[in-house]
Amino acid sequence: MSLELLTLTNPVFKSYTFWTGVLVIKMLAMSLLTAIQRFKTKTFANQEDLMSPKLKVKFDDPNVERVRRAHRNDLENILPFFIIGLLYTLTNPSAFLAINLFRAVGISRIAHTLVYAVVVVPQPARALAFFVALLATAYMALQVIAAAAF
């Protein structure tokens, strides 16, 4: 393995770094989106967060829960991409393929949030966004396994 693969002169690592940064910002934005939904619906999970004595602790607002589910889905899918994308970079893949896989994951995860938690769009929009990222990440994982096994 050459450390040259882990520099910004390597277009694959540069793309991985870019899309990782975008997805970190996207995940941080999900926390803000959850807070916005909580304030908008006056749905707070902790007594100390209640803005008025008239409000009650509440856990079941559908709008808040939709954003929370989208955020959890990010945690379940973006975090594995962070790990496998870096390992995939170390396999010295084709720049064209790797860059487009990273783009596919990044764009589809953003699209997933948009159609699930921002502007609810009927299926199959969410499923398509989910499976594009899943398949791209799974492909990278299989390539990493193959490179390590042989």
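A crossing of two helices is left-handed if the near helix is turned anticlockwise from the far one by less than a right angle. In this predicted model, the crossing of α2 and α4 is of that left-handed kind. Helix α2 spans residues 62–89 and helix α4 residues 125–149; the two pack at an angle of about 35 degrees, and their axes lie 9 Å apart. On the α2 side, the contact is made by Asn73, Asn77, Pro80, Phe81, Ile84, Gly85, Leu87 and Tyr88. Helix α4 contributes Phe130, Leu134, Thr137, Tyr139, Met140, Ala141, Gln143 and Val144. Eleven of these contact residues are nonpolar and five are polar, with no charged residue taking part.

The largest nonpolar core has 19 residues, and the members that touch the most others are Phe81, Phe82, Tyr88, Phe102, Val105 and Met140. Helices α1 (11–41), α2, α3 (95–118) and α4 each give two or more residues to this core, and α1 supplies the largest share, six residues. Leaving aside residues up to four places away in sequence, Phe81 touches Tyr16, Thr20, Leu23, Leu86, Phe102, Val105, Thr137 and Met140. A second, separate core holds six residues, among them Met30, Leu33, Ala70 and Ala117.

An unreviewed UniProt entry places the feature "transmembrane region" at residues 16–36, 78–95, 101–121 and 128–149. In the model, residues 16–36 are 100% helix, with end C-alpha atoms 30 Å apart. Residues 128–149 are likewise 100% helix, and the end C-alpha atoms of this span lie 31 Å apart.

Conventions:
Residues are numbered from 1 along each chain as its sequence is written. This is a predicted model: local features need pLDDT of at least 70, side-chain atom pairs count only at pLDDT 80 or more; totals for chains, interfaces and linings use all residues. Side-chain values use heavy atoms; hydrogens and water are left out. Axes are lines fitted to C-alpha atoms, for helices over the stretch in contact, and angles run from 0 to 180 degrees between N-to-C directions. Helices (H or I, at least four residues) and strands (E, at least two) are DSSP runs, numbered from the N terminus. Contact means heavy atoms within 4.5 Å. Ala, Val, Leu, Ile, Met, Phe, Trp, Tyr, Cys and Pro count as nonpolar, Asp, Glu, Lys and Arg as charged, and the others, Gly among them, as polar. A nonpolar core is a set of buried Ala, Val, Leu, Ile, Met, Phe, Trp, Tyr and Cys residues joined through side-chain atoms within 4.5 Å. Buried means under 20% relative accessible area, exposed over 50%, partly exposed in between (1.4 Å probe, protein chains only). UniProt positions are given in the numbering used here, feature names are shortened, and annotations may be inferred rather than shown by experiment.
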